[in-house]
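Below are my notes as numbered points, meant to be read with the structure open beside them.

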Amino acid sequence: MKRKIIAIIMSMSVLLTAVSCGTAPVEETEQTEQTETEYSAEPEEDPGEPQEPNQTIEDGFLHDETETTGTTEQQEIDGAVEFVFPEGAGSIYELYTEVTDFLNTGFNYDDLNNVFDPVLSYTFFAKFKDEDREDFANGLSLQESCDLMARLVSIAEEQGMPLDEDGRLDDDLIDAEVFRSELPDFEDYEDFAEHLYMALYASSDPNGINPFGTEQISWPVVSEDALITHDFDDYDELCSGFETCFPNIIEVDLGSYDYDNEHLEMWFNCFEYNGRYYFLGFSSAVSSVGG
């Protein structure tokens, strides 16, 4: 049975996402800490420690105002933001080794700077939705879609994170109107703004956290000949603009892990663009041991 991605944002220990699949044996359930089946999903009841109200957002991460770090190169062009792709990996196996190095050395996202950018993943999951749902960047190319997403992230950064007095995300404090002019033909801009802030908040402090939510601390690294990959081909169930922007999605196997009578299948999603390979997010499917 072929795998079928269902967009998910895992509690942003993964930074961005997870995706469910239909290959587990019996009564398979998705391992979802935060899920989305349209643009994104409701966060967990407790998405993490409260953030400091004086922090700002940069490329999907919260930073103290004195910090200038970030993984996306941007420059202002007539009020727009130009997204510059990371260098990317030269092959699937090269990408695989970078991702497994990340997993085996303490989950530090700086280790993925060469192949990963939060804005690229935000764009991917914003477009990854049911064919009947509206595409926030309908008709735009991948570059144009990422440029728009980078601009929307910069607007969110300018506004600051809408936190309550306890330092937690408060939907009622979101000013969706500031996004309206950037999305003039998009009816669901309020819902989009809410989910964008949700993703930014959830991904604010991902370092040092196992993206699969288990106690696993090491992953075996297989040879290039033994590496298992799957090409994604369920585009007919997604919005029409998705395949145009992301035509070469690949799922790369990361093995399995048994814990608490559960069997976890793990993989990551990536895609090829202009001959380079980019990481998009981790995914998993969980089933009962022996089920």
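Which strands are included in what covers the buried residues of helix 1?

1. **Overview.** Please keep in mind that this is a predicted model. The secondary structure comprises six helices and 10 strands. Of the 291 residues in the protein, 51% are buried. Counting contacts between residues at least 6 apart in sequence, 65% join residues at least 24 apart.

2. **Helix 1 and its cover.** Now to the opening question: the cover over the buried residues of helix 1 includes strand 7, strand 8 (249–259), strand 9 (262–273) and strand 10. The buried residues themselves are Ile92, Tyr93, Leu95, Tyr96, Glu98, Val99, Thr100, Phe102 and Leu103. As background for reading that list, residues three or four places apart point the same way because an α-helix has 3.6 residues a turn.

3. **Helix 1 geometry.** Helix 1 has 13 residues, and its first and last C-alpha atoms lie 18 Å apart, close to the 18 Å expected at 1.5 Å a residue. Just after the helix, Gly106 adopts a positive phi of about 100 degrees.

4. **Thr97.** This residue also belongs to helix 1.

5. **Salt bridges, buried and otherwise.** A search of the whole structure gives five salt bridges. One of them joins Lys127 and Asp135, with an N to O distance of 2.8 Å. Lys127 is buried, at a relative accessible area of 0%, and Asp135 is buried too, at 7%. If you plan to look at charged groups, this is a pair I would open in the viewer.

6. **A bridge between distant parts of the chain.** Arg276 forms a salt bridge with Glu87, where the closest N and O atoms are 3.9 Å apart. Where do the two partners sit? Arg276 is in strand 10 (residues 276–288), while Glu87 is in the loop between strand 6 (80–81) and helix 1 (92–104), and the two are 189 residues apart. Arg276 is partly exposed at 26% relative accessibility, whereas Glu87 is exposed, with a relative accessible area of 56%.

7. Arg151 and Glu158 meet through their side chains in a salt bridge of 3.8 Å, N to O. Shared partners join Arg151, Glu158 and Glu182 into one salt-bridge network. Arg151 is buried, with a relative accessible area of 18%, while Glu158 is exposed at 58% relative accessibility.

8. **Aromatic pairs.** How many aromatic pairs are there? The count comes to 31. In one of them, the ring centres of Phe124 and Phe128 are 5.7 Å apart and the planes stand at 45 degrees, so the pair is tilted. Both of these residues are buried. Phe128 also pairs with Phe232, with centres 6.2 Å apart and planes at 40 degrees, so this pair is tilted as well.

9. **What the Phe128–Phe232 pair connects.** This pair links distant parts of the chain, 104 residues apart. Phe128 lies in the loop between helix 2 (118–127) and helix 3 (142–159), and Phe232 in the loop between strand 7 (229–231) and helix 6 (240–245). Phe128 is buried at 2% relative accessibility, and Phe232 is buried at 6%. Both rings belong to one aromatic cluster, whose other members include Phe83, Phe85, Phe124, Phe125, Tyr235 and Phe242.

10. **Helix 3 against helix 5.** How do these two helices cross? Their axes come within 11 Å and cross at roughly 75 degrees, helix 5 being residues 189–202. The two helices are therefore roughly perpendicular to each other. On the helix 3 side the contact is made by Met149, Leu152, Val153, Ala156 and Gln159. Helix 5 contributes Phe192, Leu196, Tyr197 and Leu200.

Definitions and conventions:
Residues numbered from 1 in each chain as written. Predicted model: local features only at pLDDT ≥ 70, side-chain atom pairs only at ≥ 80, totals over all residues. Heavy atoms only, no water. Salt bridge = Lys/Arg side-chain N within 4 Å of Asp/Glu carboxyl O. Helix = DSSP H or I, 4+ residues; strand = E, 2+ residues; numbered from the N terminus. Buried < 20%, exposed > 50% of the residue type's maximum accessible area, 1.4 Å probe, protein only. Phe/Tyr/Trp six-rings, centres within 6.5 Å; stacked < 30°, edge-to-face > 60°. Expected span 1.5 Å × (residues − 1). Contact = heavy atoms within 4.5 Å. Axes fitted to C-alpha atoms, helices over the stretch in contact; angles between N-to-C directions. Parallel < 35°, antiparallel > 145°, perpendicular 65-115°, else oblique.
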